Amino acid sequence: MTDTHASIPAARPVIGEEEIEAAVRVLRSGRVVQGPEVAAFEEEFGEVVAGRHCVAVNSGTSALHLALLALGIGPGDEVVVPSFSFAASANAVRLAGADVVFADIEADGFCLDPAAVEAALTPRTAAVLPVHLYGHPAAMDRITRLADRHGLAVVEDACQAHAATLHGTPVGAFGDAGAFSFYPTKNMHSLEGGMISTADPALARTLRLLRNQGMEQRYAHELVGANLRMTDVCAAVGRVQRSRLAGWTERRIAHAAYLTGHITAANVVTPAVAEGARHVYHQYTVRIRGDRDAAAARLAGAGIGTAVYYPTPVHRLKPYWEPDQEAGRTWDLPRTDRAAAEVLSLPVHPGLSRRDLERIVAAVNALEEL
């Protein structure tokens, strides 16, 4: 029986015996970098992205960065990005040498508003980088139509959205490239790592060159690349996790349905799900109408772990705010600013029990007293 006094963590990475055995198997084999486990992981992850080519790298940030580089995005280009995201979404654009243009999110959700994207376009816009935040797919049908009309590349930041879909199409299978993260708290992980998906075999080959010092054959460098390879240890762990992804995803969705169906506090707004979207709930993120910090403290006192993703929009972070101020550039992103002040993520991970869910609901409903 669950200890009613034990704290329920906001996230709980899974590292079980099967993952440990997979890692040990690779270490004993002596093939530890860019070997057969990486190749197998790439092949198997292709099933998650409708059979697209997959290229494994060392992190989700590297996946975004290399996708932009392989598409030729660089100095002089602009890329439209949401400010309501982890900083890596914008950092990848800066690392590629391009300029970040921030656009606002949708009124009822947390992903890029296609109308705001269109309003942000300039003659220098080269790409759009939508983020499938918290596991909810962005409006990719509208974004890809917009990109097609204006001749723009699309790089999907799917780092939080493994197995999410929109109208039956998985994220990572809409744009020119998709980027996934396998950080330990994601819906599946490989200890650390990332994956790039693309339908273009030529682009996949360029990505493989970029991650491996620009070479396919040893010492035959074809372009300037970097060492951004995934280890076979990480790939072996990722293969185990991918085999469990479907079951874990169903548990996350079921837990989210329970929370949405039982949270009744008037000052707590449960997450909306767009028509045709399969939200995979990397985070179950509510909006607190009122004192968000007081709500988090009250929940902590009840043993319910929470987190705020993200308290400061990227356009207000020092590396972006200060240069924009110096250039006299300002961003009017009211929905982004409001979300950053209201969001609070509750536990939704697969390790929750029914008793855990009941405790979360009871504690959240008590917030109406604030």
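Visitor: How much space lies in the largest pocket?
Guide: About 570 Å³ lies in the largest pocket. Bear in mind that this is a predicted model.

Visitor: What lines the largest pocket, and which residues are nearest its centre?
Guide: The lining has 32 residues, and those nearest the centre are Glu 106, Asp 108, Gly 109, Phe 110 and Ala 272.

Visitor: Which helices and strands each supply at least two residues of that lining?
Guide: Helices α6 (140-150) and α11 (334-342), along with strand β12 (284-288), each supply at least two residues. The largest share comes from α11, which contributes three residues.

Visitor: How do the lining residues of the largest pocket divide into nonpolar, polar and charged?
Guide: There are 16 nonpolar, six polar and ten charged residues in the lining of the largest pocket.

Visitor: And the second largest pocket, how much space is there?
Guide: About 440 Å³ for the second largest pocket. Its lining is made of 23 residues, and Phe 86, Ser 181, Tyr 183, Lys 186 and Tyr 310 are the closest to its centre.

Visitor: Which element gives the most to the lining of the second largest pocket?
Guide: Helix α3 does, with three residues. Both α3 (60-70) and α4 (88-95) supply at least two residues of that lining.

Visitor: What about the classes in the lining of the second largest pocket?
Guide: That lining has ten nonpolar, ten polar and three charged residues.

Visitor: Back to Tyr 310. Where is it found?
Guide: Tyr 310 is in the loop between α9 (292-301) and α10 (318-326). A cis peptide bond joins Tyr 310 to Tyr 309, with omega at about 15°.

Visitor: Backbone angles next. What is the phi of Gln 213?
Guide: Gln 213 has a positive phi of about 60°, although it is not a glycine. The residue sits in the loop between α7 (201-211) and α8 (232-262). Gln 213 counts as partly exposed, because its relative accessibility is 34%.

Visitor: And Tyr 281, what is its phi?
Guide: Tyr 281 is not a glycine either, and its phi is positive at about 50°. Its place is in the loop between β11 (277-278) and β12.

Visitor: Is Tyr 281 buried or exposed?
Guide: Tyr 281 has a relative accessible area of 7%, so it is buried. The cut-off for buried is under 20%.

Visitor: Changing topic: how many salt bridges does the structure hold?
Guide: The structure holds 25 salt bridges. In general, side chains of opposite charge can pair when their charged atoms come close.

Visitor: Glu 106 came up in the largest pocket. Which residue does Glu 106 form a salt bridge with?
Guide: Its partner is Arg 142, and the closest N and O atoms of the pair are 3.9 Å apart. The pair links distant parts of the chain, 36 residues apart, with Glu 106 in the loop between β3 (99-103) and α5 and Arg 142 in helix α6.

Visitor: How accessible are Glu 106 and Arg 142?
Guide: Glu 106 is partly exposed at 23% relative accessibility. Arg 142 is partly exposed too, with a relative accessible area of 38%.

Visitor: What does Glu 342 meet in a salt bridge?
Guide: The side chain of Glu 342 meets that of Arg 287, at 3.0 Å from N to O. Glu 342 is in helix α11 and Arg 287 is in strand β12, so this pair also links distant parts of the chain, 55 residues apart.

Visitor: Are Glu 342 and Arg 287 buried or exposed?
Guide: Glu 342 is buried, with a relative accessible area of 10%. Arg 287 counts as buried as well, at 9% relative accessibility.

Visitor: One more pair. How far apart are the closest N and O atoms of Arg 124 and Glu 78?
Guide: They are 3.0 Å apart, in a salt bridge. Arg 124 lies in the loop between α5 (114-120) and β4 (125-128), while Glu 78 lies in strand β2 (residues 78-82), 46 residues apart.

Visitor: How exposed are Arg 124 and Glu 78?
Guide: Arg 124 is partly exposed, with a relative accessible area of 37%, whereas Glu 78 counts as buried at 5% relative accessibility.

Notes: Residues are numbered from 1 along each chain as its sequence is written. This is a predicted model: local features need pLDDT of at least 70, side-chain atom pairs count only at pLDDT 80 or more; totals for chains, interfaces and linings use all residues. Side-chain values use heavy atoms; hydrogens and water are left out. On a 1 Å grid over the protein atoms alone, a cavity is a set of points where a 1.4 Å probe fits but cannot get out, and a pocket is an open set with protein on both sides within 12 Å along at least five of seven lines; lining residues have an atom within 4 Å of a point. Grid points are joined across faces, edges and corners, and a volume is the space filled by probe spheres set on the points. Helices (H or I, at least four residues) and strands (E, at least two) are DSSP runs, numbered from the N terminus. Ala, Val, Leu, Ile, Met, Phe, Trp, Tyr, Cys and Pro count as nonpolar, Asp, Glu, Lys and Arg as charged, and the others, Gly among them, as polar. Buried means under 20% relative accessible area, exposed over 50%, partly exposed in between (1.4 Å probe, protein chains only). A salt bridge is a side-chain nitrogen of Lys or Arg within 4 Å of a carboxyl oxygen of Asp or Glu.
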